[in-house]
Amino acid sequence: MHNSKLTSKEPQEEKEITDINSVQFPNRLSLRQKAEELLEKKETLPLSSKFRKTRKPVSISDTDTQKLIYELEVHQIELEMQNKEFLLAKEQSQRLAEKYAELYDFSPSGYFTLSREGNILDVNLFGSQLLGKERINLINSRFGFFVSDDSKSGFNHFIETLFTTKCKATCEITLNPKDSDLPINSFLTGIVTKNSDKCLIAAIEITFRKQIEEEIKKKNTELQRVNAEKDKFFSIIAHDLRSPLNGFMGLSELLAEGLFGMTLEEIRKIALMMRNSATNLNHLLGNLLEWSQLERGLILFTPKSYLLMPGLKESLILVSEAAKAKNIEMNLEIPENLVVYGDKNMLESVFRNLVFNAVKFTSRGGMITVSVKSLPDNNLEFSVKDTGIGMDDAIMDQLFSLDAKTGRKGTDGELSTGLGLIICRDLIEKHGGKLKVESEEEKGSTFSFTLPSMESR
């Protein structure tokens, strides 16, 4: 009966023995049971196969010997199974170690192990690339050597916090990689190990994110500027443009209703006031149109060489009339044969606005001088100087800010939007120059800018 039982299971014996590698053994008891099952399938008697051909049948008195041999064979099978399990576990651990090494080295984050003193004890491949040195040359180096000066205090506080609180901490720093002029912005996350003698730090490069943030800041600043200019534009239309129109309408109404009862002197005064209002209105409308075209990029910059004085005199005709009305002496100390290089229409607008601004803030009987001088680099410096009321530092600081309100009117109550000076600045910058101002209260102001001469081109 026993032999037939073994015979019927022989095909299964080979399969189960070859499947040992797929068997998992949760505990010692199940291992023992499995070993006994395998032993039962390997032989007809509970004796070792190596003794099967040589030994003789034993009597009942040999029971203890049989048990001992049985136990040895069970233990042998257990050891074979444990050895296979160990080899399988070893192979699996090697695969996991290789996978961990790959993940550690080729992770898109830098991993550092630092001592309490900030020395690098271990670093992955990406971390060494962040610092710009080979890993072998980074071991025992101070991490702080690669931190920018403006980030050192924040990094030192970060390390101190890690070892003091034993809690996770974060910080942003700027790294200066070796042999590179390009700084790298990094976000650090750190924890302290269980024995608290070192810390583990993950570093993520955020340079691109920082660039995006800076770009967003610039866009927000530009948006604020555009909104301020839009508000200023509506303010000019609603108030500054309306005021001279109301004045002009009031004077014309006064003239129409009381013409026959007025003397010639009264009519002349009203006519002069109407002309001044019309001049101011025309100047303001011209600035509004020019400024809107500048903002939309509709004015083309077409520089060329040309004779300055003929066009300059023509562009200052209306301004000269305003100066005469206030009895202001205006001098043009520019050679008649002076040739400049620039955009003719833009430069005439610059001179017209600067002189008109000088007339506005110069008292009756004052003087305005437009002059030019050569600089050591062969460029030309033009100046518009007046003997007007001047400005203090607070006003000069806001002079080219469209959203600032100085609240100042001209010496004859002329309105001031500040738009003309902003147009001058933008047009001069298109020529590669810069508008400068010097002023002293009650003594006057001088606006100057440079242009290339023919000799400097």
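What span should the 12 residues of α15 have at 1.5 Å a residue, and how far apart are its end C-alpha atoms? The 12 residues should span 16 Å, and the end C-alpha atoms of α15 are 17 Å apart, which agrees. The expected span of a helix is 1.5 Å times one less than its number of residues. Helices (H or I, at least four residues) and strands (E, at least two) are DSSP runs, numbered from the N terminus.

This is a predicted model, in which local features need pLDDT of at least 70, side-chain atom pairs count only at pLDDT 80 or more, and totals for chains, interfaces and linings use all residues. Residues are numbered from 1 along each chain as its sequence is written, and side-chain values use heavy atoms, with hydrogens and water left out.

**The whole chain**

Of its 457 residues, 37% count as buried; buried means under 20% relative accessible area, exposed over 50%, and partly exposed in between (1.4 Å probe, protein chains only).

**Helix α15**

Select residues 419–430, which form α15. This helix is largely enclosed by the rest of the structure, because nine of its 12 residues are buried. Among them are Leu419, Ile422, Asp426 and Ile428. After α15 comes Gly432, with a positive phi near 80 degrees.

**Helix α13**

At the start of α13, a side-chain oxygen of Asp343 comes to within 3.2 Å of the backbone nitrogen of Asn345.

Next, select Lys360, which is found in α13. Is Lys360 buried or exposed? Lys360 is buried, because its relative accessible area is 11%. Apart from residues up to four places away in sequence, Lys360 touches Lys326, Gly410, Thr411, Glu414, Leu415 and Ser416; contact means heavy atoms within 4.5 Å.

**The two helices together**

Two packed helices are described by the angle between their axes and the distance between the axes. Axes are lines fitted to C-alpha atoms, for helices over the stretch in contact, and angles run from 0 to 180 degrees between N-to-C directions.

Show the side chains where the helices meet: α13 contributes residues including Met346, Val350 and Leu354, and α15 contributes residues including Leu421, Cys424 and Leu427. By class, this contact has eight nonpolar, four polar and one charged residues. Ala, Val, Leu, Ile, Met, Phe, Trp, Tyr, Cys and Pro count as nonpolar, Asp, Glu, Lys and Arg as charged, and the others, Gly among them, as polar.

**Two loop residues**

Most residues other than glycine have a negative phi. Select Ser196, in the loop between β4 and β5, where phi is positive, near 65 degrees. Ser196 counts as buried because its relative accessibility is 17%.

Then select Asn327, in the loop between α12 and β7, with a positive phi near 60 degrees. Asn327 counts as exposed because its relative accessibility is 57%.

**Leu125**

Finally, select Leu125 in helix α5. Leu125 is partly exposed, with a relative accessible area of 27%. Leaving aside neighbours within four places in sequence, Leu125 is in contact with Asp105, Phe106 and Arg135.

Technical notes. Polar contact = N/O pair within 3.5 Å; in protein donor to acceptor, adjacent residues only side chain to side chain.
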